[in-house]
Each structure stands twice: as structure tokens, then as C-alpha cells.
Amino acid sequence: MKIRVASIPQLAPDPVISSLSPRAVVWSRLSRDPWMMTCAIALGAVLLSTILAPWIAPYPYDQIELRLGASAPSWNHWMGTDTLGRDLLSRCFYGGQISIAVGVVGTLVSLVIGVLYGSISGYRGGRTDELMMRFVDLLYSLPYLFLVIILLVFFSSSILMLFVALGLVQWLTMARIVRGQVLSLKNAEFIQAARVSGTNDIGILFRHLLPNMAGPIVVYATLTVPSVILQEAFLSFLGLGVQPPRSSWGTLISDGAGVMGLFPWLVFFPAIALAVVLFALNFLGDGLRDALDPRQRHD
Amino acid sequence: MSVDAVLSIQGLKTYFFTRSGIARAVDDVSLEVRPGETLGIVGESGSGKSVTFLSVLRLVPPPGKTVSGEIIFEGQDLLQMPLQKLRNIRGKRIGIVFQDPMTSLNPFLRIGDQVAETLLVHEKISRNKALDRAVGILEKVGISDAASRLEDYPHRFSGGMRQRVMIASALIANPSLLIADEPTTALDVTIQAQVLDLFTHIKSEFSTAIVLITHNLGIVAGMADHAAVMYSGRVVEYAKTTDLFAHPRHPYTLALLKTLPRPGDMQPSVQPIPGMPPDLTCLPRGCSFFDRCAFRMDRCLEESPPLISFGPGHQASCWVDIEKGQNPVSE
Amino acid sequence: MMHSTSPLLEVNNLRVYFPYHGKKSAGSQREVRAVDNLSFSLQQGETLGLVGESGCGKSTLARAIVRLFRPHSGEILFRGRDLAVMEGEPLRQVRSELQMVFQDPYSSLNPRMTVRDIVAEPLRNFGRTEGLVVRVRELLGTVGLDASAMNRYPHEFSGGQRQRIGIARALALNPAVVVADEPASALDVSVQAQIVTLLKELQATLRLSFLFISHDLSLVSLLSHRVAVMYLGEIVETGPATAIFSNPWHPYSEALISAIPIPDPEKERLKTRIVLRGDVPSPLSKPPGCPFHPRCPYVFDRCRIEHPALKAYGSERWVSCHLLDEPNRSPRPASAHLPTASL
């Protein structure tokens, strides 16, 4: 009795497993969660309002109307005016430009430096890794605000310098996270397979390592944005950030805090704007982490 | 159903309620284990061989759930029993050995305490007496100088030694049933030989009935008195081990035997089974082996065959009498 | 070394040591000797099965040959050029002819790449992009996968199918040598047979030279023309597959073969299984003399002191065991009909 194997057709691959790409899966998981969508919409609205500030702001941010003084919210000034009679809503729109730009640029700088530094350190390994990580430890041990202040004092305290200074100290944790990921991934068989197939180091980094680290990197980046915004607020509070008459949420809050007892709306509204962005980013970061986690995908 | 069975499983159904559907991991399985006998359960991953015996111990992880069936152990139905009472049976009356000796021992507990734990939990006995018995059982499973090793932590033991420790702690309370789930799969060949030797020794020295769950037909051939072959959640063949190997009645058993190389043949060769096991969430109406079967016919597509008797103590769930060579697919 | 025609791949006195940073106990070396003074050769179109238990260094050897590790010393001659000292671009070029199939079908494919990109990657790396899609489709066909697999991701496939994808990737560059490191051991029995049969067919039709590494002697016996048995980083016996299986000369080979459970109740219950005592020693503290002597059932004084050399017996078999030099000593391996040394 001879069994003819060839006569039996190969089964089609398991039909239940979705044939969505990982990116589509992530998107569908995010969009299915109403809470995530709320966060995304809130963030989008704030972002849009700051970008469109020149067109939608009812007054110029630096238009002083001393006769108004600090007036409470009204139909003409929805968020009221500050002690110089400037419209707070307009100042919040413009302030958002700076705060969000600082957050995004600072995060991007930290992302580029941190990811490159961390992946080189982890991938090279050995002596190189040790040296590079000792350098990170060294920077960690310095009080970072001190570093930023030195940078801002030595170079002109322009907004550009502020971006650079904040980004430069933010990358340390990112570098550590990325290095850890690379260390755990670089001995995976698919990395060995890529090396055997003749893929060079750059290909391994960009085609194999980075896409597989996207989850933790994206999550940490979304957490970096609010932290940079808060640091800008702190530097501005110290007088090292943006200079008047320009404003950021940080300066608005710090100015408002001084007169909080008399004119509470001056601290309330900018604080709400900042809080919405921070909350939304934190939740989106958490949601992305879950959506990118492959172990959660087969439920 | 014979009255004297240690364990009798009747119509057991354990399903996993996943988002992509209900996976029928165990679908109407009936088996029994008689005192002192070794029952081999053979199957590939996903065949339900492990889930069946996790169901016996009511250790099926969620989203799995035993939906119906009876599991009579020493006259009591384990599925109806309060959990408190079942805990007195697990470990004490039923010993368990898992596959991976590296993870099934607690790395922070001394060997002696882990082996003696069963006794301390189930019997009113002093720690010293329990440790004395631990020494006795450890020596029986081949750990030399056991008394001096009681204080050691698991990392000081190799894989083979840890599996011996696991077996010792499963046997210490003198259970009437020992369930061993792939006990040698994680071990090297020469260490596997040692552990199999130990099982042979256990069979002759203790009167414990053993359920040996394995994917390795060679191990079943050497150890088991009876064997059950499982495929996609069902028992497809049950027979005395010698009958099963000499006269397989289910096409899957036959095909499985042909996938095995026999070292020492001058022209060793194997015949793979084409295709893959079916998805447990959408099993076909008819026989679940249909797609891969060399003896299939139209009836198999419509009706799932029950276990049919092919002689004393030999059952297979197949419409075709493959011994007569009926109907091999040959286009 | 043992053939008149010059072999395709020749490994001479290869040593791969790893530095050991842990606690040092008395008598242990300062490094892990994963591969220790090992030599073998592989002919064009031949399958060499490399058998051994975990920790015997077989995976390290595989990775050293494709130069994922740099060996400590020794030569890896491929078409007469020494890979052991090659670096950078020349090494990358040579690698196109030396490919590898990995053990774990779940970790050896990048989960974020489509099957098309995975199989095409080696081709792109060497600029062979002409007719790329056609070639990928052809490769998938060769390993028994449908072209519809191309746009899907690895997690959509079963273990056996994923291993086929890995094989397609290894074949993409038309390599001369394929190193397969336990390619079937993570799979179910019936799927294992599919993969092994596929490899066997491919080896024959493509005239590949195969280095097939496995702990499973019965699988090795299916595929291999010749077998080399490894123990603690060394080859203890090598020869034609059928000869070694029917009549092993080294006590370790004998024990390994007798330990395989035979799927036949009558034979399995009648056979005398040689059960070795103890565990495989760590390659960190190799025993003096013959590395196998603490577990050997036939050990005698000389084994504890003197390391046996791998010696030729006849034209095809090489064994490293003192017993073979002492024809009058008993007990000895039950099956050994010992030849006279041809040195």
C-alpha cells in the first residue's frame, strides 16, 4: 500500500490569524479605544489652535490695553486679560506655539541622539559600550539644570539654544533604554540570520533593530514631550527661557502664579492647557505601548 | 466502564473561549487508567493531550474552561468536588511531573523543603520526619548522598537531577496516580535515558498508575501498557501498546509511525504527513483528519466517526478498515 | 584531510573559546572551551551530520563556520581561502556562498518584515535585484509555499511554514554550503518529517553541501552521508552514517545510539539501553585525559591521563578512543568489531 503524499493539497495558512500588518493592527487597536480617541482629538485640537494662532487669536499677543488692567473673563476676552490688559486667550495660543515646539524639538533631538548613541553602544558592545555608557553615567551624575544654565549663559539665550539645551540632556535615558533593547535583540536569531545573509551594520540597525524597538522608543518619546515642556516652564520661571513680551505656557503660569490670589484666571487657563496636553500625551503613550506589544496582539 | 479504574474520564470537554472563537481543545474525551498500569498519551502540540490532564487536576488556565464531563478518581468526581477537597488530592493522591525541570522548581527554596512540602501540607507530620522521608525518596530516584543535598538550592542541580527531584516530590506522598507531562522532552538524550530508566524502576517498585504524556512514540513503545493517540482534541485510537504499533487502525497513527526514522535501517526514510492539524476554533463537521488522510472517503467529510471497536481493547475513530487496505487515496 | 579530492570546506584545528568572567573554582580554566581543536571536512554535495548533546559545542561550531563568531585559532578553509582570518567586505562576499538555517522558527524571522522582504533581503544585499519578485516566488515554490505568502507577516504562519521561509532565505543566494542548526527540533513530529524530507530533496536536487546539526541521531541518520559525533567541543567519532549506526566504535556513540527510544515495543523492550552515569561536564572544567572518561563504562587507567587522538581506522572512520588500541581489553563496547589501526 503506497500512500501518495503529493495528491493531498497543502492546507491554506491558518485563516483565523488576521492578515493585517503590524501597523494596521496598532491603528485598529488605538482607534477601537474611545478613551484613546478622546485623547488624540484633544491633543489635535490644542495643536491646531496653536499652529493657527496668528489667524484665530482675537488680539495680538503683545497688544497692551492698560485701561483694562487685569479683567476677569468676559465676552470680549474669553479668558480675561493680564495685568497689562493683554488678552489671555491670544497669549495662550501663542504660548502654546513655544511650549509645544520646545516639547517636540527637544524630544526629536533626544530621540535622534539617544537612539543613535544607544544603538551604537549596544550593538558594538564590549569596550566601546562600556566607555559610552560610563560617559552617560557621568552626565547623569551632573546636575542637569546646571548644564542647561551654563549652556544658556555661555551661548546667547535664544529660543533655538533653549531647544538644543533641553534636547541635549533629555537623550540620556533614551540612550539607556535603546541600548538595553539592542542588547536583548542583537543575539536574536533573525539578527544572526541577517548577518549571515550579508546585511551590513547599517541595514541591521535600520531594517531589523529599530523597527523591533519602535514600541518602547515611541512610548518613551511621548513621555519625553511633557517632561520637556515642564522643564521649559521651569527654566522660564527662572528667567532663562523665553523673554517677554513673548510667552510660553510656562511663563504664563509663573506670571499668573504671582498674582493668583487676586486674579486666579491668569494661572487657571494656561494650567488647563498644559494639563490637557500632558494628560493626553501620557495616556496616548500608554495606549501606544499596549498597542505595539506583540504579546497583546493575539487575544 | 470497569469499576476498578483509578481514574475514569467520561465525555470530557474543555474549551478555550478566545476572541477568535471557541477552541475545542478537548472534545469528548473518555479514558481510563487502571491501578498499576502505565497509560501513554501520544499527540502533537495542540492535540489536547496536556489539557486533558490539566482538566483532571482542574488547573486549566483561563480562558479555558471544562464545560462538561465526569472525572472519577477513586470513586469521587473531581469536577464536582469543592476546591478545598481537591487540593487534598492534588499532590497527595495524584503526583504531577511537568516538562521543564528548570522552571518547575522554586529557585528560592531548598531542595529538601520542596520535596517535603507535599507531606507538610497534607499530613500532620513534623518537619524533621518529613525531611527524613524526603531523603528516602530522593535516594530511591537516584540522588546519591541525598541527606547532604537537602540544604542545596535548585541551581546547584543539573536538568536531569532536577527532574529526579520533581519525580521524588511527586512520589513522596505515595500517590495512586502519577501524571507525567513530557517528563523527558527538555532533557538531553543520555539524560532522557536515565530518567526513562528511573520510570521503569518506579513501575516495578511502586504500584502507582502512571499517565505518560509525550509526543515521542519511542517512549510510549518502551514504557506504556496501553496507549491513546490524540488528534485535535479527541482520542482517535486506543489500544494495548503492542497492538497499537503492530496493527495501527487509525490513519493518523499509521502516518505518525511512518514519520519516524528508525536508526540502523540501511536506507532510512520517512513519509511526512502533509498539511497541518486543523484550527481548533473551526473544526470541520466530519473527521478532523480528513484533509491529511490517505484513506478518506465522502462519508468522512459528512460524519465524524465515533470510536469503533476493532477487536478486544482496540478502538479507533475511523470509518475505514485500513488493515484491509481499503480505499487509499490514489489519484 | 581524509579524501583525495580537495574538499569544499575544511576545518583544521579550530578552537572557539569564550572568556569566562564568573567565579573561578579550583581546576577550572579561564575560558569556556566551546570548540576545542576540532577538524573535519565537507565535500561538494555531501551532508555531514553533526551530533551531540547540549553544551557539546555544535551550535558554536556552526556559528563559527559562518563567522558569527571569530575563532580563537585554527583554519576554516572554504574553496581554499581561510575564513577564520577574514573581515569586512571580503567576508561578506564569501558569506553569500555559506548560508545558515536556524533552530527557532519563531525568533529567526524578523516579525516586522513581510515574507517577501525576508526572502529578498539576501538578494538585495548582493545587488541581485533583477527579477527579484519572480525569484522570491520561485524560492517560495521550492520550499513548498504558495506565492500568496509573500505579503504576509511571519506571525501568520505555523512553525513548519516559518521554517520553510527560513530555508527559502538561506537558498536565495544559491549557496554552496548550508549550515542547518537543529532546523527541525522545535517542530512537531509530523512537521519535523516534512522539513527533513524537504531538506533532503533540496540537498539532492541543488547539489548542496550540508552541515546538519542535531541532537537527534535518528534525524541525522535520515539525511547524512557521514556523521561526526561531538562531545565537549571535540569530535570523538566520524564515519559513514550507516556504519556508525549499525556499529559504533566509540563508547559515547554507542551510548547515544542505544539511548534513542525505538518506536517498536518489542525491540524497545528487549534492547539493552546503555545508561551513562552523571551529566555532561561543563566545558569550563574539562576532565583531564579523555574528556569522556568520567562517564565511560569501559574506562581504564590510561583514559584518565592521556588524551586519545582522533585516529583513522580504515579509510573512512576516525575514532578517538584508547580502547581501540587495546584489542585484548575487556569489557569493551558490545557492538564493536574492532579493526586494526591503519596508521
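**View 1. B:Arg234 is partly exposed, with a relative accessible area of 25%.** In this predicted model, the side chain of B:Arg234 forms a salt bridge with that of B:Asp27, at 3.1 Å from N to O. B:Asp27 belongs to strand S2 (residues 21-33) of chain B and B:Arg234 to strand S10 (residues 234-240) of chain B, so the pair ties together parts that are 207 residues apart in sequence. B:Asp27 is buried, at 6% relative accessibility.

**View 2. A salt bridge joins the side chains of C:Lys286 and C:Glu234 (2.6 Å, N to O).** The two residues stand 52 residues apart and link distant parts of the chain: C:Glu234 is in strand S10 (residues 234-240) of chain C, while C:Lys286 is in the loop between helix H10 (265-270) and helix H11 (301-305) of chain C. Both C:Lys286 and C:Glu234 are buried.

**View 3. C:Arg302 and C:Glu306 meet through their side chains in a salt bridge (3.1 Å, N to O).** C:Arg302 is partly exposed at 26% relative accessibility, and C:Glu306 is partly exposed at 38%. Elsewhere, B:Asp197, C:Glu268, C:Lys271 and C:Arg273 are joined into one network by salt bridges that share partners. Over all chains, the structure holds 41 salt bridges.

**View 4. C:Ala243 lies in helix H8 (residues 241-246) of chain C.** With a relative accessible area of 23%, C:Ala243 is partly exposed. Neighbours within four places in sequence aside, C:Ala243 is in contact with C:Pro248 and C:Arg317. A distance of 9.4 Å separates the C-alpha atoms of C:Ala243 and C:Val227, which are 16 residues apart along the chain.

Methods:
Residues are numbered from 1 along each chain as its sequence is written. Chains are lettered from A and ligands numbered from 1 in the order in which they are written. This is a predicted model: local features need pLDDT of at least 70, side-chain atom pairs count only at pLDDT 80 or more; totals for chains, interfaces and linings use all residues. Side-chain values use heavy atoms; hydrogens and water are left out. Helices (H or I, at least four residues) and strands (E, at least two) are DSSP runs, numbered from the N terminus. Buried means under 20% relative accessible area, exposed over 50%, partly exposed in between (1.4 Å probe, protein chains only). Contact means heavy atoms within 4.5 Å. A salt bridge is a side-chain nitrogen of Lys or Arg within 4 Å of a carboxyl oxygen of Asp or Glu.
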